[in-house]
Amino acid sequence: MLFDRIFYEIRLMGKQFIAVPVCIMLGGVLLTVVLRLSQTRAIGVLSGCLEMFLPLVAGIFVTTLCSNDSSLELQLTLPTPYHRTVFCRIGLIAGWTALIALISSVIMYSFHLTKVLTFERAWAPFLQGLIEQLVWLAPLCWFVAIGLFLALLFRSRIASTALLGGIWVSENIMYGLLISTPWLHPVFLFTTTLTPVAYLSTYWLSNRYELLATALVFLLVGWFQLRNTEALLQKSGSEG
Amino acid sequence: MGQISTFLGVLRYEFRMQIHRLPFWATFAGFAALVFVVAGQGNWSHWTGNRGPFDSFSDWTVVVNLFLPPAMGILLSDRLSRDRKLHIDELLNTYPGSIGARLLGKYAGTLLATLLPMVIIYGVGVGYIVAHWQSIQGWSSVLQALPGVAALFLTIIVPGACFIAAFSLAGPLFLWLPLYQFLFVCYWFWGNVFAPSKGIPTLSDTILTPFGGYMLAGFFGEDSGLVVHQATFIQGVESLLLLLSISVLVLLALWRYLLWQQARQ
């Protein structure tokens, strides 16, 4: 029954949700190969794909799916609570993106294509590999949680996607400010890719945990928003 | 006259439809908070580096044109594809107005509507800068620099907005909408701010940048502080004309595509 439900949701979402994360990583690999052939340093490309592009695309997918459900009224009459359905969908998006990221990360780690933080060098290889997954896991959870929150707040795919995009662009442009201002570290999403290795080890781990904690808080808020049936039914009309 | 009335009617309708969307204003409110925080951290606190109010107006133009266009691009990306999704296009095709007039009216209406909050945000910043410099250099210096504000807005912000609006109308007809939005966000950073010194090819140091670095340096001699620091007047003109020409080409291609689609039905 559960697998039937999962396969049904995947068919409903469509092949694009499955293909895009794969294409992003393949594109990153292709670009890395091209840059290597032209003698250009390319270690940031794959790290950027893991930490910056995959989480953004997962966040956009979540806003697309959660901001407006044309079968909402029908869903609310079913025995399965609507919040469980939405979290199932989010879980599929985040789970598939996480799987792509995990496979890519393991391959990158095997080929020594990742940044090694100073505090990691004394650790066992298995633990190093485990901690390395926080590179993509923290921003992925953050984008998914914030995407859900914004989608339910505005009930508009376009508005929530625009704000996610604005956050992404701002973090890329203002990374110097984010590195140099300690109280902004908890909202610095792309720490691994954008921070020089010399400064990275001082706050990377705490930054990852803070992002995960923020994501958890917003997922809880999203869960409460989904349980507010009256607010869910007050859609913004023509918004797509 | 029929085409003109169709164009004006669609323009008015699209403009009113856009400005009545609450999420539209909520999005720009979020982006406004962002640009004011950035300006407060950066340019607005660097008064000692600015020689006069026009330098501050230029810095403010850079901040606005760096952070607001992503909102514009995404907010406009569903306008045409939404007509198709709701089957409104089939209904509109039965009306006497031509597709070209309707398309141009939609483009102009949505562009003007999206420029409205940008004008408001830009104006608030200009007002703050005027108040600051008035106390330092007096009203005459500030009033002399004020016409430059209109020039900055029209030559740097508007061409980029035209460019983005054209692609945001056309792109989602060929690409899945979330994919277009993702690619647009990535493009905005890669094509305008990404430093060429990183080794990855980029358009950010070419005249094909809607950010307006070449116009800012070429027309006004100001440095955006990002990728393009200097440019000649000719390069500024080339960048401006290229952005506007590409916008026109994209709209023409879109118009031909819509005509072809209608003929197929």
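Two residues are taken to be in contact if their C-beta atoms, placed from the backbone, lie within 7 Å. By this criterion, in the predicted model, 30 residues of chain A are in contact with 30 residues of chain B. On the side of chain A that touches chain B, helices α2 (15-37), α3 (43-66) and α8 (157-173) each supply at least two residues. The largest share, 12 residues, comes from α8(A). In composition, this side of chain A comprises 17 nonpolar, 11 polar and 2 charged residues.

The largest nonpolar core has 129 residues, and A:Leu54 and A:Leu140 are those with the most contacts inside it. Helix α7 of chain A (residues 134-154) contributes the largest share of this core, 18 residues. When residues up to four places away in sequence are not counted, A:Leu140 touches A:Leu54, A:Pro55, A:Ala58, A:Ala94, A:Thr97, A:Ala98 and A:Ala101. Another core, of 6 residues, lies apart from the largest one; among its members are B:Val10, B:Leu11, B:Phe15 and B:Ala113.

Helix α1 of chain B was examined separately. Its 18 residues (2-19) should span 26 Å at 1.5 Å a residue, and the end C-alpha atoms are 26 Å apart, which agrees. The buried residues of α1(B) are B:Thr6, B:Phe7, B:Val10, B:Leu11, B:Glu14, B:Phe15 and B:Gln18. Because these residues cover an arc of only 155° around the axis, they lie on the same side of α1(B). On the other side of this helix, B:Gly2, B:Ser5 and B:Arg16 are exposed.

Key:
Residues numbered from 1 in each chain as written. Chains lettered and ligands numbered in written order. Predicted model: local features only at pLDDT ≥ 70, side-chain atom pairs only at ≥ 80, totals over all residues. Helix = DSSP H or I, 4+ residues; strand = E, 2+ residues; numbered from the N terminus. Expected span 1.5 Å × (residues − 1). Buried ≥ 20, exposed ≤ 12 C-beta atoms within 10 Å, placed from the backbone. Arc of directions from axis to C-beta. Core = buried A, V, L, I, M, F, W, Y, C linked by C-beta atoms within 7 Å. Nonpolar A, V, L, I, M, F, W, Y, C, P; charged D, E, K, R; others polar.
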